[in-house]
Amino acid sequence: MDRSGDRWVIREARPGDAAALAGIDRRSWTATYPGIVPESVLQAWIEESPAKWRALLSELPPEAPQRLWVGERDGEVRGYATTSPSKSWWLEPPAGAGELTNLYLDPDAIGTGLGRALYEHAMRDLAARGFDPLLVWAFRDNPLARRFYDRMGLAVDIPDHDWVLGEVPCPIVRYRLDRPATSVLVRGRHG
Ligand SMILES: CC(C)(COP(=O)(O)OP(=O)(O)OC[C@H]1O[C@@H](n2cnc3c(N)ncnc32)[C@H](O)[C@@H]1OP(=O)(O)O)[C@@H](O)C(=O)NCCC(=O)NCCS
């Protein structure tokens, strides 16, 4: 088996990563979201992404509870994960919850181990900061993401919730991991 994924380096994002992250958004969302997210919303997300990353990376104070992780190899950023205290965008989260708010890879980095490396790093960091439970929202009809979170040992606790995008209901599901300090790595290790 190719273990080239072992060479992925995970580090905190910095302002110079903005263009690379916007490129990942564009390629990943274009490959993943047609048929899941309405076309006009998807185009708006892609157009807004470069400015969003520039602002976020230049304005986020070091002590912010939101953390942005990138995965790189040979100096090239190919994926990212973001974490935060859980948001109440869709439903009020359980007390103390932390959230993996984004996980995106360049399409040709899928299946290299980068997804797992970013996931484990981000979830371990949330657990080390005392968040419990850990939550992840995903589109219900995104099979790649669904299979990945299943393999990581997460359980679905909200199986169907509508996120209305461009007046179209886009079903999402919520995954949950309880007591992450003992289970983040052990349960997901060999999927
Ligand atoms: C969801 C997503 C991040 C999951 O990533 P992934 O590619 O499945 O996960 P990995 O990069 O860890 O790859 C795992 C696969 O690579 C293989 N692999 C190859 N080299 C590897 C290595 N060194 N270490 C671990 N796994 C390796 C594994 O065998 C595994 O395949 P398997 O599950 O069939 O056994 C990715 O599919 C993605 O970015 N999708 C599009 C965007 C998206 O939907 N994001 C989620 C939003 S909620």
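Student: Why does Asp125 count as buried?

Tutor: In this predicted model, Asp125 has a relative accessibility of 14%. Buried means under 20%, so Asp125 counts as buried.

Student: Where is Asp125 placed?

Tutor: Asp125 lies in helix α3.

Student: What makes the pair of Asp125 and Arg67 a polar contact?

Tutor: The side chains of these two residues are joined at 2.8 Å. The cut-off for a pair of N or O atoms is within 3.5 Å, and therefore the 2.8 Å pair of Asp125 and Arg67 qualifies as a polar contact.

Student: Which residues does Asp125 touch, not counting those up to four places away in sequence?

Tutor: Asp125 touches Arg67 and Trp69.

Student: I now turn to the ligand. How many residues surround the ligand, and which are the closest?

Tutor: The ligand is surrounded by 26 residues, and the closest are Leu103, Gly111, Gly115, Arg116 and Asn142.

Student: Which atom of Gly115 lies 2.8 Å from an oxygen atom of the ligand?

Tutor: That atom is a backbone N or O atom of Gly115. In Arg151, an N or O atom of the side chain is 3.0 Å from an oxygen atom of the ligand.

Student: How much of the ligand's accessible area does the protein cover?

Tutor: On its own the ligand has 940 Å² of accessible area, of which the protein covers 80%.

Student: Which element gives the largest share of the shell around the ligand?

Tutor: Helix α4 does, with five residues. By class, the shell holds 13 nonpolar, eight polar and five charged residues.

Key. Residues are numbered from 1 along each chain as its sequence is written. This is a predicted model: local features need pLDDT of at least 70, side-chain atom pairs count only at pLDDT 80 or more; totals for chains, interfaces and linings use all residues. Side-chain values use heavy atoms; hydrogens and water are left out. A residue is near a molecule or strand if one of its heavy atoms lies within 4 Å of it. A polar contact is a pair of N or O atoms within 3.5 Å; within protein, one must be able to donate a hydrogen and the other to accept it, and residues adjacent in sequence count only if both atoms are side-chain atoms. Accessible areas come from the Shrake-Rupley method with a 1.4 Å probe; for residues, only the protein chains shown count as cover. Helices (H or I, at least four residues) and strands (E, at least two) are DSSP runs, numbered from the N terminus. Ala, Val, Leu, Ile, Met, Phe, Trp, Tyr, Cys and Pro count as nonpolar, Asp, Glu, Lys and Arg as charged, and the others, Gly among them, as polar. Buried means under 20% relative accessible area, exposed over 50%, partly exposed in between (1.4 Å probe, protein chains only). Contact means heavy atoms within 4.5 Å.
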